Amino acid sequence: MSDLISLMGWPAAACLVLVTIHSYLGMHVLARGVIFVDLALAQLERERWLAEGPAIVVGGANWDPGIVGLVAGRLAERYHKPAIVLSMPPGEMARGSARSIAGVHIHAAIAAHKDMLYRCGGHPIAAGLSMQA
């Protein structure tokens with residue numbers, strides 16, 4: 001490390017370390033995303049009716065709430081319909097993310113049922129929500 005600092009100087013070396021850490025964390029998030037996409041696809045395979053409606057809704061008790069948006073995006077791309085993915089820890093509020101396709105305003109669709117939700121927000125292509133599980 002001291003050779004790196006002497007060659008690059010402190011600011012450049014610090015930036016390199018931060019970029020390396022950021023890259024590692026990004027790879028970690030992507031790897032976890034792949035795991036949860038596989039869980040969602042397995043759920044859809046077991047319970048085929050979940051993919052038959054105008055939108056897909058999947059989730060689980062131990063699903064990482066930081067990954068559900070990535071999973072919803074992958075499902076929306078794969079099935080060409082809006083997808084909502086929920087993290088539903090036992091005894092806690094369910095939290096989820098939705099991703100849409102062209103022509104479907106996902107936030108408006110979710111907000112139309114706001115009486116069933118604790119909170120929701122978003123825009124035409126993506127939304128977040130929380131509700132009693």
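Predicted model: local features only at pLDDT ≥ 70, side-chain atom pairs only at ≥ 80, totals over all residues.
Residues are numbered from 1 along each chain as its sequence is written, and side-chain values use heavy atoms, with hydrogens and water left out.

**View 1. The protein chain has four helices and five strands.** Helices (H or I, at least four residues) and strands (E, at least two) are DSSP runs, numbered from the N terminus. Along the sequence they come in the order α-α-β-α-β-β-α-β-β. Of the 133 residues, 33% are buried, that is, under 20% relative accessible area, with exposed meaning over 50% and partly exposed in between (1.4 Å probe, protein chains only).

**View 2. L44 sits in the largest nonpolar core, a set of 18 residues.** Such a core gathers buried Ala, Val, Leu, Ile, Met, Phe, Trp, Tyr and Cys residues joined through side-chain atoms within 4.5 Å. L44, V58, V71, L75 and V85 have the most contacts inside it. The elements giving two or more residues to this core are α2 (10–46), β1 (56–60), α3 (68–79) and β2 (83–87). Setting aside neighbours within four places in sequence, L44 touches L50, A51, I56, V58, L75 and Y79, where contact means heavy atoms within 4.5 Å. Another core lies apart from this one, with eight residues including I84, A98, I110 and A127.

**View 3. β1 and β2 run parallel, joined by five bridges.** Strands pair if DSSP finds at least two bridges between them. Here V57 stands opposite I84 in β2. The chain gets from β1 to β2 through α3, and this β-α-β crossover is right-handed: with the strands pointing away from the viewer, the path from the first strand over the helix to the second runs clockwise. As for cover, four of the five residues of β1 are buried.

**View 4. E45 and R48 form a salt bridge.** Their closest N and O atoms are 2.3 Å apart. Side chains of opposite charge can pair when their charged atoms come close. How covered are the two partners? E45 counts as partly exposed because its relative accessibility is 48%, whereas R48, at 51%, is exposed.

Note on methods: Salt bridge = Lys/Arg side-chain N within 4 Å of Asp/Glu carboxyl O.
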